Amino acid sequence: MRRSIFLAIAALVLAPTLSGAQQPLTARDVVQRIQQNIGVPWTQPTVDTFKDGDPATPVTGVAVTMMATFDVLKRAAARGANLVITHEPTFYDHFDKLDVLEAEHDSVTLAKRAFIREHRMIVVRMHDHWHRRRPEPMATDLARVLGWERYRGASEFLYRVPATTLAELAATIRRRLPTPTLRVVGDSTVRVTKIGLSPGAAGFERHRQLLQQEDVEVLVIGEAREWETVEYVADAVTAGRRKALIILGHVPSEQDGMEEFARWLGTFVKEVPVTFVPTADPFWAPK
């Protein structure tokens, strides 16, 4: 009698395993795998948290993007992906603060969140810890797209390219990178070779530190406040220093780094499709 009871219990316990049944992959499961594979200590506080949706939701597909714009969310949903992993904020603030927006019943925020809920989507940010990997992925992949890998200097942020004019350098970047509103500060005719790379919006202190280095003549960045880095470079030029600035735009400067994130994530998330959904550059130049 006891043996038959034991066998019956064992059959119930082993039935899911024997039938091949598995628990569905949730958004929380995906984030836990990222934490296990990211290669750097997971620290707090961090902006790398869930921004909207229920982390316990089963994942139908993963869409990796540079910025979870409403357009990206719609394209992700059209692909059948309900987990969106974004590098930059979803709700217009570095910390994705929603209290003020919701208190004011902001119509844009309400529409975006309604779409997320309607499609049972989950949005999570991956910013801090991806940047902490070495070599730093955003700079590394931007340099690769620009064709500068063989010119790397002491780090992935420093490059020495063949001597060229500032105007020629900017034109080459525009040909290799889809950035319709690239902007340049400095003498277009000056010959340069030493490049500093700072994708995204690293901030004035980081930009100034790079510009102070003798092995940086041109700083290539994603974006900056015009009364900080831009003014600083303009003053450096007036002071007679060989300095220049090329502004790519935030999206094009980090897009390739997040495409690499999608490839990396796909190496250990196999249960559902992992795709890269590029963020459209919002700027355009009149002709």
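Together, Phe204 and Tyr232 make an edge-to-face aromatic pair, with 5.6 Å from centre to centre and 70° between the planes. Because Phe204 sits in helix 9 (residues 204–212) and Tyr232 in helix 10 (residues 226–238), the pair ties together parts 28 residues apart in sequence.

The model has eight aromatic pairs. Let's look at another one: the ring centres of Trp130 and Trp264 are 5.2 Å apart and their planes meet at 45°, so this pair is tilted. Trp130 belongs to helix 6 (residues 128–132) and Trp264 to helix 11 (residues 250–265), which links distant parts of the chain, 134 residues apart.

Trp130 is buried at 2% relative accessibility, and Trp264 is buried at 9%.

## Helix 5 and its two faces

Helix 5 has buried residues Thr109, Lys112, Arg113, Phe115 and Ile116. They cover an arc of only 155° around the axis, so they lie on the same side of helix 5. Their packing partners are strand 1 (50–52), helix 3 (70–78), helix 4 (99–103) and strand 4 (122–125). Exposed Ser107, Arg117 and Glu118 are on the face turned away from the buried side.

At the N-terminal end, Asp106 caps helix 5, with a side-chain oxygen 3.3 Å from the backbone nitrogen of Val108. Just after the helix, Arg120 has a positive phi of about 50°.

## Confidence

The average pLDDT is 93, but residues 5–19 are below 50. Where pLDDT is low, the predicted coordinates should not be read in detail.

Terms used. Residues are numbered from 1 along each chain as its sequence is written. This is a predicted model: local features need pLDDT of at least 70, side-chain atom pairs count only at pLDDT 80 or more; totals for chains, interfaces and linings use all residues. Side-chain values use heavy atoms; hydrogens and water are left out. Buried means under 20% relative accessible area, exposed over 50%, partly exposed in between (1.4 Å probe, protein chains only). Helices (H or I, at least four residues) and strands (E, at least two) are DSSP runs, numbered from the N terminus. The arc is that of the directions from the helix axis to the C-beta atoms. Contact means heavy atoms within 4.5 Å. A polar contact is a pair of N or O atoms within 3.5 Å; within protein, one must be able to donate a hydrogen and the other to accept it, and residues adjacent in sequence count only if both atoms are side-chain atoms. pLDDT is the predictor's confidence in each residue, from 0 to 100. Rings of Phe, Tyr and Trp (its six-membered ring) pair if their centres lie within 6.5 Å; planes under 30 degrees apart count as stacked, over 60 as edge-to-face and the rest as tilted.
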